[in-house]
Every structure is written in C-alpha cells, then in structure tokens.
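Hi,

Here is the structure I promised to pass on.

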Amino acid sequence: MRAYEIKKFLSSELFSRMKKAKKVYRELRFNLLLPATLFTQNEEQKKAISGKEVLVQGVIDCIIEHTDGTFELIDYKTDRLSREELKDRSLAEKKLNEKHSMQLSYYALAVEKMFGKAPSKIRVYSLPLGDTVEIDCVML
C-alpha cells in the first residue's frame, strides 16, 4: 500500500463509518457448505451434481456492525484501474462489479450464517480509487 492510499483511506467516508460503528470485525475466516448446483449454469451438470455440496472457504476483510444493528460487508481491493476508469467512476464501478460480485455474494451468505442477518450494504474499498463502490451481488 502506498502512503497516499493510506492517507486517502484515513479521510474516507468508510473510515468515518468505521469509527462510529458499534463494532468492526476484521479478517473473519469462514467455511460454508453450498449446493454444488450454484457453481454451474449447465443443466446436465446440475442434474449430475444435484444433492452434492461444495465447501467454500474465505476470509472476509471487514464487517461493520452499525449502531442500528445492520451489517456492512467491506472487501479491500487493489485492482489496477486504467486512467479512463479513474477519471470515469462509472467505468471503475462496472469493472469492480463484474470482477467481484460473485465472490462477495458468497461472503454475504457467510455473513448471514455468522450473524443471522444479511448485510444491508456490500461494498469494495478500491485503494486506487480511494473510495467504496457498492457491489450488486448475485442472488444465490
């Protein structure tokens, strides 16, 4: 991480929300059994693996528990963004959503299993962008 990225983070809206939070959870490991059929769109494969499960493991970078009882899922990303993406936020948002929505969908399920409720917000904090991007998760 570069010094200017740290400086941006410390003055970000995300850092402000973290300071006001009821609790901040960092680097939470999880194991989650999911139906194997979630991992293919092929109908023949779905039939063949029906009833089977896949173990999904991961580490959630950050969960913010807000004072109102809602949870916010944050994943830090260092993805390189082009000059065009840095200038046009919509391009950066599109890239980050396309690249990370599936991963964060699994993370959202893990949050729901751990805390009994789904996160109200799912975001990526992009270090190059110096800001959060809301992620549109896939319904699993």
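A word on terms before anything else: buried means under 20% relative accessible area, exposed over 50%, and partly exposed in between, using a 1.4 Å probe and protein chains only. This is a predicted model, where local features need pLDDT of at least 70, side-chain atom pairs count only at pLDDT 80 or more, and totals for chains, interfaces and linings use all residues. Residues are numbered from 1 along each chain as its sequence is written, and side-chain values use heavy atoms, with hydrogens and water left out.

Is Q41 buried or exposed? Q41 counts as exposed, because its relative accessibility is 67%. You'll find Q41 in the loop between β1 and α3 (43-49); helices (H or I, at least four residues) and strands (E, at least two) are DSSP runs, numbered from the N terminus. Between the C-alpha atoms of Q41 and Y4 there are 42 Å, with 37 residues separating the two along the chain.

Then there's helix α5 (residues 89-115). Its end C-alpha atoms are only 32 Å apart, short of the 39 Å that a straight helix of 27 residues would reach (1.5 Å times one less than the number of residues). At H100, α5 bends by about 55°, taken as the angle between axes fitted to the seven residues ending there and the seven starting there. H100 is also one of the buried residues of α5, which include L96, L104 and Y107. Those buried residues pack against β1 (23-35), β2 (53-65) and β3 (71-77), among others. Just past α5, G116 has a positive phi of about 80°.

Cheers

Note on methods:
Contact means heavy atoms within 4.5 Å.
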